[in-house]
Each structure stands twice: as C-alpha cells, then as structure tokens.
Amino acid sequence: MTNPNVADLDARVRGRQDVAAAIRAHMAVRNVNDSELAREIGWTQSYVSRRTNAKTAFSTDDLGVLADHFHVGIVDLVQMPTGRPTGGGNTLHGVVRLRRV
C-alpha cells in the first residue's frame, strides 16, 4: 500500500513538471529562452530557470504574468500549444493549428 503523503507528493511533482513543460513549449513556439523571457517580464534568469525546469512551482501570480505576456488565458498556458507562430521575427502574430497528414 502506498503512503498517501508520498502519493500526494508525487502528484504535486508531476503537476509541477507538466506545467513547466507546457510553459517551455510556449516559449519554444515563440523562440524565447529563459534569459529573454526573464528580461521581457522583469524577472531574473534564475527565477525563470528554476520554474521552467520544475525545481520550483509557478505561483498563480506567475501564471497570470506569463499568460498576459503570451496573450493567452491561464488554462491555455498550462496546456501544450498546438500550433506554430505565424508572421516573422520574434513576434507571435497568431497561432495556427497544424494539420495531420
């Protein structure tokens, strides 16, 4: 039988890892690394890195800042993006759904 405290901890770690992975994917879609994101939103690179590597959980305030920065809702932010940027440069003009072939 699994200790409930261990199971709860495992679930929290998996959740933290899933959110971090989704945010890293949003960053990749936008071609932004930890340092660039930190500079753009006024956080330190180490603050961003600890969270995008799932060492520390994102707070709800953090998620709100990132959602605003990426122009998505918080629910969309914590899910894997399904598209790619359109337009040019580092500006995300829109996200398009990829077709399966």
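Asp 62 pairs up with Arg 51 in a salt bridge, with 3.4 Å between the closest N and O atoms; the term covers a side-chain nitrogen of Lys or Arg within 4 Å of a carboxyl oxygen of Asp or Glu. The pair ties together distant parts of the chain, since Asp 62 sits in helix α4 and Arg 51 in helix α3, 11 residues apart. Helices here are DSSP runs of H or I with at least four residues, numbered from the N terminus. A search of the whole structure turns up 1 salt bridge. The model is a predicted one, in which local features need pLDDT of at least 70 and side-chain atom pairs count only at pLDDT 80 or more, while totals for chains, interfaces and linings use all residues. Residue numbers start from 1 along each chain as its sequence is written, and side-chain values rest on heavy atoms, with hydrogens and water left out.

Both partners are tucked away from the surface: Asp 62 is buried at a relative accessible area of 5%, and Arg 51 is buried at 9%. Buried means under 20% relative accessible area, with a 1.4 Å probe and protein chains only. After α3 comes Ala 54, which has a positive phi, near 65 degrees.

Leu 63 counts as buried, at 12% relative accessibility. Beyond its neighbours within four places in sequence, Leu 63 is in contact with Val 19, Ile 23, Phe 58, Ile 74, Leu 77 and Val 78, contact meaning heavy atoms within 4.5 Å. For Val 78, 15 residues away along the chain, the C-alpha atom is 8.3 Å from that of Leu 63.

Helix α4 also meets helix α2 (residues 34-41): their axes come within 11 Å and cross at roughly 95 degrees. Axes are lines fitted to C-alpha atoms over the stretch in contact, and angles run from 0 to 180 degrees between N-to-C directions. That makes α2 roughly perpendicular to α4, a label for angles of 65 to 115 degrees. On the α2 side, the contact uses Leu 37, Glu 40 and Ile 41, and on the α4 side Val 65, Leu 66, His 69 and Phe 70.

Key. Buried means under 20% relative accessible area, exposed over 50%, partly exposed in between (1.4 Å probe, protein chains only). Helices (H or I, at least four residues) and strands (E, at least two) are DSSP runs, numbered from the N terminus. Angles under 35 degrees count as roughly parallel, over 145 as roughly antiparallel, 65 to 115 as roughly perpendicular and the rest as oblique.
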